[in-house]
Amino acid sequence: MKIATFNINGIKARIEALPRWLEEAQPDVVCLQEIKSVDEAFPREIFEDMGYHVETHGQKSFNGVAILSKFPLEDVTRGLPGDAADEQARWIEAVVLSPRPIRVCGLYLPNGNPAPGPKYDYKLAWMARMEARVRALLATEEPFLCAGDYNIIPQAEDAARPEAWTEDALFLPASRAAFRRMLHLGLTEAFRARVQGGGHYSFWDYQAGAWERNNGIRIDHLLLSPQAADRLLDVGIDKATRAGDKPSDHVPVWAMLSD
DNA sequence: ATGTCCTTACCTTAAGGA
């Protein structure tokens, strides 16, 4: 089973690029972020016609996450537990009914800039809520994974110019520590389980010729529970999509799991 | 390089977010 995460930066703007990539890459499950659409306006028929089940957790203008799956989805829940007043659409969960079912959490972790400030406080509080959710899921011992735009540069080697990010919410020590805490609970970061070294990125800013200069960062990740990590076969970053027509500023990151 | 793209709104231009 091939499962991917892709921050599309607006479904309306990616209405051609997203189906084009799905056709080429043939993922079984995709976690989408920044759909920037309410549920009613999401063009689900386009994806249903391609054989996907579609579940969305949208919001007007900003944020918004979705799961596309060639297998049926059950137990769909929307929103990250822990703060009933949080109205930002950044978390969706579902159990994928593949031959060996697996729970998939799709997430769009807050950016947090500028730091310090209220947006950074929200980021850290959100990560604490996510850690609590991960602890609860680990306790069930069912296979699961958390895939999405984490807005976290885990290590210096995950940025082309790490010195440019030292004051940024994506690379501050407290951000990276919160990410590492979740790994230390027993999750496996799929890409780093298979590929070592620098030069692997999932985001290139639209500004300042970042793509042309390969000034990228690796911030889109798949974290696997122990039972899911046992099934990890391969990983990849579909870098070529960044060079296509009307690209997102992120590219898809995927993991192949045994069925 | 204050450099771009996406979205919305009192909408042909500006703003907020990333």
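## Helix pair

Helix axes are lines fitted to C-alpha atoms over the stretch in contact, with angles running from 0 to 180 degrees between N-to-C directions. In this predicted model, local features need pLDDT of at least 70 and side-chain atom pairs count only at pLDDT 80 or more, while totals for chains, interfaces and linings use all residues. Residues are numbered from 1 along each chain as its sequence is written, and chains are lettered from A and ligands numbered from 1 in the order in which they are written.

The axes of helix 3 (residues 118–140) and helix 4 (residues 173–184) cross at roughly 5 degrees and come within 10 Å; helices are DSSP runs of H or I with at least four residues, strands runs of E with at least two, numbered from the N terminus. The two helices are therefore roughly parallel (angles under 35 degrees). From helix 3, Lys-123, Leu-124, Met-127, Glu-131 and Val-134 meet Ala-174, Ser-175, Ala-178, Arg-181 and Met-182 of helix 4 (C-beta atoms, placed from the backbone, within 7 Å). This contact has 6 nonpolar, 1 polar and 3 charged residues (Ala, Val, Leu, Ile, Met, Phe, Trp, Tyr, Cys and Pro count as nonpolar, Asp, Glu, Lys and Arg as charged, the others, Gly among them, as polar).

An open sheet of mixed pairing is formed by 6 strands in the order 5-6-7-8-12-9 (two strands pair if DSSP finds at least two bridges between them). Strand 5 (73–78) and strand 9 (188–189) each have a single partner strand, so one side of each lacks a neighbour in the sheet.

Strand 9 runs antiparallel to strand 12 (residues 220–224), joined by 2 bridges. Thr-188 stands opposite Leu-224 in strand 12.

## Surroundings of DNA strand B

DNA strand B is surrounded by 15 residues, the closest being Gly-10, Lys-12, Ser-61, Tyr-206 and Ala-208 (C-beta atom, placed from the backbone, within 6 Å).

Conventions
Angles under 35 degrees count as roughly parallel, over 145 as roughly antiparallel, 65 to 115 as roughly perpendicular and the rest as oblique. Two residues are in contact if their C-beta atoms, placed from the backbone, lie within 7 Å.
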